Amino acid sequence: MEATHEPVMLQEVLELASNAFKNYSIHGSHRVFTVLDGTLGAGGHSLELARAYLQASFFLCDRDEQMVARARANFKASGFNPDDARFRWICSRSSQLGQRLDSEFDNQEGGLDFALLDLGISMLHLKEFDRGFSYDDESLDMRLDTATEKGASHLLNELPEKELADLIYRYGEERASRKIAHRVVQSRPIESARQLAEIIAKAIPGPRNRPHPARKTFQALRIAVNGELEEAEAAARMLAQRLNPGGILAIITFHSLEDRLIKRCFAELCGAGGLHSRYDAPVEIPPDPEFEKALRKSLAPTPEEQERNPASRSARLRAIRRKPSGEAGDE
Ligand SMILES: C[S@@+](CC[C@H](N)C(=O)[O-])C[C@H]1O[C@@H](n2cnc3c(N)ncnc32)[C@H](O)[C@@H]1O
């Protein structure tokens, strides 16, 4: 049976899009309302946006070609014609869309009115594709696209023990990283995700009913293999620069490393030096910031959503807006 992915914080995302649309209706209605989904997945958020904005133009992007194909099929099954010119299907890392967007926007007045990044992987990666994301997968790859050269098995079987421990600590915030790396190196070759999960469960047995003891190590490997943090930051900055005045960029993160990164990036863009943690490095503040927060602080899923969809529990939504015309920089 095909796995499904429930879009996380859908109502909150739709509300932000509706704020962007209000601004568009006042200032931009001579052009087309333009939406970009840079982490399309199965198309859950975009389908609802397409239903809500029937005249809008969409850039629909995922770095995983299997996901783009799935989203197209889901659009078709929902009564949309995926070949309609208003849908641009793109298989790319979203950080690399800058040139494409610039050439599209060159010919017409315009930029993005609403952009979304819903970071991480889809339920389909966990439940349907045997690529090593799940604890019982036979493969050990974890690549989200074929342009990525080295998969997880390379890191696990080739990295020196200390480098592997550092990677697990840095991207998984796993305190038992040294113990895990030691066991992994002793057990080489590691050939499947299932074998890796078993090795970790033996190295650091956890209490029953708690998250799987391999959870943080799997997260670390996935992030390292796909350069996820670098990608997220580059995509966020690139998209922010392509927002129309009043346009909104919304980002959903799923773990604290990602969330801290986006919080800091947004603070910098908004000139809000006030990062409150004493652990945060100072932020460079632009003299006349072009952006402002579209949400005062991050939002978490409602308790009802967390109950209905436990995978949403760690989600956090942050959003910024390019200041509407006349409020930033332009005299
Ligand atoms: C959480 S899922 C998105 C789910 C989608 N919003 C939905 O409701 O169906 C994240 C998706 O982003 C893709 N992805 C992750 N990083 C990406 C990047 N840097 N560029 C493009 N796609 C990316 C993954 O392949 C995955 O399909």
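**Reading domains, helix packing and a sheet**

Q: How many residues of domain 1 are in contact with domain 2, and how many of domain 2 take part?
A: In this predicted model, eleven residues on the domain 1 side touch ten residues of domain 2.

Q: Which helix gives the most to the side of domain 1 that touches domain 2?
A: That is helix H11 (residues 228-241), with three residues. By residue class, this side of domain 1 has five charged, four nonpolar and two polar residues.

Q: What describes two packed helices?
A: The angle between their axes and the distance between the axes. Here, helix H7 (residues 161-172) packs against helix H8 (residues 177-187) at about 135°, and the axes are 8 Å apart. This angle makes H7 oblique to H8.

Q: Is the crossing of H7 and H8 left-handed or right-handed?
A: H7 crosses H8 in the right-handed sense.

Q: Which residues make the contact between H7 and H8?
A: H7 supplies Glu161, Leu164, Ala165, Ile168 and Tyr169. From H8 come Ser177, Arg178, Ile180, Ala181, His182, Val184 and Val185. The residues of this contact of H7 with H8 comprise eight nonpolar, two polar and two charged.

Q: In what order do the strands of the sheet lie?
A: The order is S3-S2-S1-S4-S5-S7-S6, seven strands in an open sheet with mixed pairing. Strand S3 (87-91) and strand S6 (291-293) are at the edges; each has a single partner strand, so one side of each has no neighbour in the sheet. From one strand to the next, the twist averages 15°.

Q: In which sense do strands S1 and S2 pair?
A: Strand S1 (residues 34-37) and strand S2 (residues 57-62) pair in the parallel sense, over four bridges. One place to look is Thr34, whose bridge partner in S2 is Ser57.

Q: Which strands does helix H12 touch where it packs on the sheet?
A: Helix H12 (residues 256-270) touches strand S5 (243-253), S6 and strand S7 (316-322). The direction of H12 makes about 20° with that of S7.

Note on methods:
Residues are numbered from 1 along each chain as its sequence is written. This is a predicted model: local features need pLDDT of at least 70, side-chain atom pairs count only at pLDDT 80 or more; totals for chains, interfaces and linings use all residues. Axes are lines fitted to C-alpha atoms, for helices over the stretch in contact, and angles run from 0 to 180 degrees between N-to-C directions. Helices (H or I, at least four residues) and strands (E, at least two) are DSSP runs, numbered from the N terminus. Angles under 35 degrees count as roughly parallel, over 145 as roughly antiparallel, 65 to 115 as roughly perpendicular and the rest as oblique. A crossing is left-handed if the near helix is turned anticlockwise from the far one by less than a right angle, and right-handed if clockwise. Two residues are in contact if their C-beta atoms, placed from the backbone, lie within 7 Å. Ala, Val, Leu, Ile, Met, Phe, Trp, Tyr, Cys and Pro count as nonpolar, Asp, Glu, Lys and Arg as charged, and the others, Gly among them, as polar. Two strands pair if DSSP finds at least two bridges between them.
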